[in-house]
Amino acid sequence: MTDTTPPPEQPSTPLPVYIHPRREPFEHGLVPLQKLIFTDGSQTLTSLRDKLLQFPPINNRHNRVNSAVVAESLQISPEHARLVLDIIASVLHSDSDPLVTAKPDEVDAVGVNVYDLIIFLYIQSYKRLLPRGHKDSAAVADVWPSTSAFDGFLSALTPLQLVRSNSRRTMPSQADEEAHQLSYLQKHLGNIISLLADSVEGEDSLVLTMEKFEHLGYLIYFGEKGMEKTPLSQNAPFFANSDPDMPAAPVPASQVHDWLLQNISDALERISERVAAKENGQTSASDQDVLMTDACANLKASTSAKGPSFIEGISKQSYVKQAPELKGSFVKVVNCHESVIYVLAPLRYATIYGCSDATIVLGAVGKAVRIEHCERVHVISAAKRICVANCRECIFFLGVNQQPLIVGDNHKLQVAPYNTFYPQLEEHMQEVGIETSPNRWGEPVALGLIDPHDSLSHPAGVSDCQAESATRLDPDQFTNFLIPNWLEGQASGSTKDNPFPLPDVYMSCQRRNENNLVEVKQILKEAPLEESRKKELSSALHVYFKDWLYASGNIRQLYCLQGE
């Protein structure tokens, strides 16, 4: 009799787990304040750490300090110290940390962990990778407007401003950025580990406890984006499978350093191999986040469970992304021009880069938004915090719980209250932890004109000064923005109106304008005009309306109707 028993399944070989840098502290956790940058490695920060650890506990929480202590120790203003705590909270690796879960009025009651603060301060020495020059400058010129009413003032700009205003660059690829961040960590890991380590009494050596090792999770993680995160120590052979009831024994800091360096070296080699395969046309579906497409490519979006979702190269269109279409909670809108883009989803982080003459609506962003190198863009967003860098002639309609941060070379920026809604907005806000109050849209904080984290060489003779801040939009210019309901009957939600209360002056102007509209409509309706005169009046109104559409930028909203 023939044996029909199937052969036993062979155990599959587990895929290697690689180390990755966390993008968040490098993209959203750098502050252009010179007093936060230490260039002597760990020397000054070691003394600062020891000083901070001597402060008494906060509400029985050891190794934590509040903004007053940070201000005193770093010799910065109380406002800047609070900004430091808010930024650390927005990029911390642990969502259960008391600083992350604290409400605005509770932040100083819980404080920041000293070791998280020290790592935050150390990486302020990081310099971002230079943007890539685009290989097809003629194609970029097709979608990037070359003239602006502001361009007549270029002759009055400083050398630094002139360099940046003339640059037409694209973001570095994700592979390039990851390799750059890993190389930085490779160089500085020894110093960072020494700041977390304890000295052994009577010996000239350092050891690292499992608790201190976990603080490296601020900078690195193992695995892939989209996978369930495990504690950093569970990936380390010297801490893995430790008994929770019995603390693991400290290990030599040199052993940790050598092990991490080997993992970083393996990860850098893997990136090189993937980039080479990409260039040889051997890209697999899992490698779609290695290299970004060109700015002018007709790619509307790319998503990967491992990294951010990209919305890229949109030109003269309306484009919509809703929550079910996004695999991650990190979105980048890149090189989009003369378009209206809707990202109606709950997000953790969002970046808008290199866009012009566009209106971009971000749903609810629970951690941070960064807007960089944009011109004549309207951004509408409900967010925990927002940072604007190197932009001009942009308007930001905001529902934000923290003060907007303005850094770098900016010109003619305006801020205004949040001005729209969609059915799921309040549900998305609740999911990511955004409150309707306080809304600090009108309290922008401007820092330095020169960004010390920018690798771009600073022209000789250019000294730093405070960046140009944003002004409040004239209430008479404020209008509501209507998001079309494309999915009527398919999408449901409880939000029926703007959840952020309008300031009185904006509300009164809005009501006055609405009343004026009613009066004008009634006057036109009752006007005793002959038929020929009515046609002349209608024609004149159409001309003025068209002029207003172009002058206000609202012509972009008509792109929504092109596909209908």
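Me: Is Thr351 buried or exposed?

Reply: Buried means under 20% relative accessible area, exposed over 50%, and partly exposed in between (1.4 Å probe, protein chains only). Thr351 has a relative accessible area of 6%, so Thr351 is buried. Please note that this is a predicted model, in which local features need pLDDT of at least 70 and side-chain atom pairs count only at pLDDT 80 or more, while totals for chains, interfaces and linings use all residues. Residues are numbered from 1 along each chain as its sequence is written, and side-chain values use heavy atoms, with hydrogens and water left out.

Me: Where does Thr351 lie, and with which residues is Thr351 in contact, leaving aside neighbours within four places in sequence?

Reply: Helices (H or I, at least four residues) and strands (E, at least two) are DSSP runs, numbered from the N terminus. Thr351 belongs to strand S14, residues 340–353. Contact means heavy atoms within 4.5 Å. Leaving aside neighbours within four places in sequence, Thr351 touches Glu27, His28, Phe330, Val331, Lys332, Val333 and Arg370. Pro308 is 43 residues from Thr351 in sequence, and their C-alpha atoms are 9.6 Å apart.

Me: How many helices and strands does the chain have, and what share of its residues is buried?

Reply: The chain has 15 helices and 22 strands. Of its 564 residues, 50% are buried. Among contacts with a separation of 6 or more, 60% join residues 24 or more positions apart.

Me: How many residues does the largest nonpolar core have?

Reply: A nonpolar core is a set of buried Ala, Val, Leu, Ile, Met, Phe, Trp, Tyr and Cys residues joined through side-chain atoms within 4.5 Å. The largest has 81 residues, and those with the most contacts inside it are Leu117, Phe120, Phe213 and Leu260. Apart from this core lies another, of 60 residues, among them Leu344, Ile360, Val361 and Val432. Leu260 is in contact with Ile19, Leu189, Ile193, Phe213, Leu216 and Ile220, leaving aside neighbours within four places in sequence.

Me: How many disulfides does a search of the whole structure find?

Reply: A disulfide is a pair of cysteine sulfur atoms within 2.5 Å. The search finds 0 disulfides. Cys336 is in none, and its nearest cysteine sulfur, that of Cys355, is 4.6 Å away. That distance is too far for a bond. Cys336 is buried, with a relative accessible area of 0%, and Cys355 is likewise buried, at 0%.

Me: Is Leu541 buried or partly exposed?

Reply: Leu541 counts as partly exposed, at 44% relative accessibility. Its place is in helix H15, residues 531–552.
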